[in-house]
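Work through the following exercises with the sequence and the model side by side. Each task is followed by a solution in steps.

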Amino acid sequence: MLIGSLMSDSFLGAENLSNVFTRSAIIGIIAVGATFVITAGGLDLSVGSLSALVAGVTIMFMNSAAEVLGRGWQLVAAGIVCSLVVGAAAGLLNGVMIVKGRVEAFIVTLGAMGIFRSVITWLADGGSISLDFSLRDAARPIYYGQILGIAVPILVLGVIAVVGELVLRRMRFGRHVAAIGSNRHVAFYSAIPVNRVRILTYVIQGLCVAIATVIYVPRLGAATPSTGLMWELEAIAAVIIGGTALSGGFGRIWGTIVGVLILGFISNILNLTGFISPYLNGAFQGAIIIIAVLLQRDRSQG
């Protein structure tokens, strides 16, 4: 914050900070799901592509259902349900392939990343899938609305983060997730339902992607093959920066939120100052992941 304020006069402006927090909320919701997956010793590289697919399918559903459900909150609610179903189904598919198919998470989610991105490109015929213009006003409050002066995406992130922290640190399911990430075989002989818990972490990830996407759709107004590009890198970077062990066994949601904000402010400073091209954001995030993992390795060896 201090560096940003010194490098740009507009950094601490209310509008700029609101934009940073709102944009970060989208990645933050996805990163909460990624925290569960990584804490359990897994990995999901398909979240960005899944977001594009969820956005496209949801927009197509809302456009086609408008004549039946009208153009009010009923259609928006149905669109949210559609998004959650697609996200949960994709997460379940990833989880089952990894656990029951006994295929490495890296391979399954890398393949899913290509499949989801190709499907949305095919559905959009290489172009874009646009939300009907007459429906945009109904969906607009999901992203641009405020409650008590706080943007809706920030409130949703706050609720999801609090619930996620309670589940991960205070509930039996969270303790099972950490135990499986620490040592899967010991967890199995401790009567922990390893397969079910691992699959559920991917379902949680899919639901988080769906929630983030349905919030972002009113801003996008359309889904394209480039929607959600590199979001998986941002989510994983935020989780690692927040202190969650990439090898599994330990995770903390509040750390992930701090990681999301750090990445958001770095990106914003680069955009405002022009000190370094914003096109290098991905390079920064990749370098941060490598450095964070090196530090974690040195700490564990020390």
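**Exercise 1. Find what share of the contacts in the protein chain between residues at least 6 apart in sequence join residues at least 24 apart.**

Solution. The model used here is predicted. Step 1: a contact means heavy atoms within 4.5 Å. Step 2: take the contacts between residues at least 6 apart in sequence; 78% of these join residues at least 24 apart.

**Exercise 2. Describe the secondary structure and the surface of the protein chain.**

Solution. Step 1: the secondary structure comes to 13 helices and four strands. Step 2: the accessible surface is about 14600 Å², and carbon and sulfur atoms account for 66% of that area. Step 3: of the 302 residues, 50% count as buried.

**Exercise 3. Is T22 buried or exposed?**

Solution. Step 1: T22 is placed in helix α2. Step 2: the relative accessible area of T22 is 7%. Step 3: buried means under 20%, so T22, at 7%, is buried. Step 4: leaving out residues up to four places away in sequence, T22 touches Y143, A151, P153 and I154.

**Exercise 4. Which residues of the largest nonpolar core touch the most other members?**

Solution. Step 1: in soluble globular proteins, nonpolar side chains tend to be buried together. Step 2: the largest nonpolar core here has 57 residues, and I26, I29, I30, I215, I236 and I253 touch the most other members. Step 3: helix α2 gives the largest share of this core, 10 residues. Step 4: a further core of 15 residues lies apart from this one and includes A52, A66, L135 and A139.

**Exercise 5. Locate L43 and list what L43 touches.**

Solution. Step 1: L43 sits in the loop that runs between α2 (14-39) and α3 (47-69). Step 2: not counting residues up to four places away in sequence, the partners of L43 are V37, A105, F106, T109, Y202 and I236. Step 3: I236 is also one of the core residues that touch the most other members. Step 4: from L43 to P141 there are 98 residues in sequence and 33 Å in space, C-alpha to C-alpha.

Terms used
Residues are numbered from 1 along each chain as its sequence is written. This is a predicted model: local features need pLDDT of at least 70, side-chain atom pairs count only at pLDDT 80 or more; totals for chains, interfaces and linings use all residues. Side-chain values use heavy atoms; hydrogens and water are left out. Helices (H or I, at least four residues) and strands (E, at least two) are DSSP runs, numbered from the N terminus. Buried means under 20% relative accessible area, exposed over 50%, partly exposed in between (1.4 Å probe, protein chains only). Accessible areas come from the Shrake-Rupley method with a 1.4 Å probe; for residues, only the protein chains shown count as cover. A nonpolar core is a set of buried Ala, Val, Leu, Ile, Met, Phe, Trp, Tyr and Cys residues joined through side-chain atoms within 4.5 Å.
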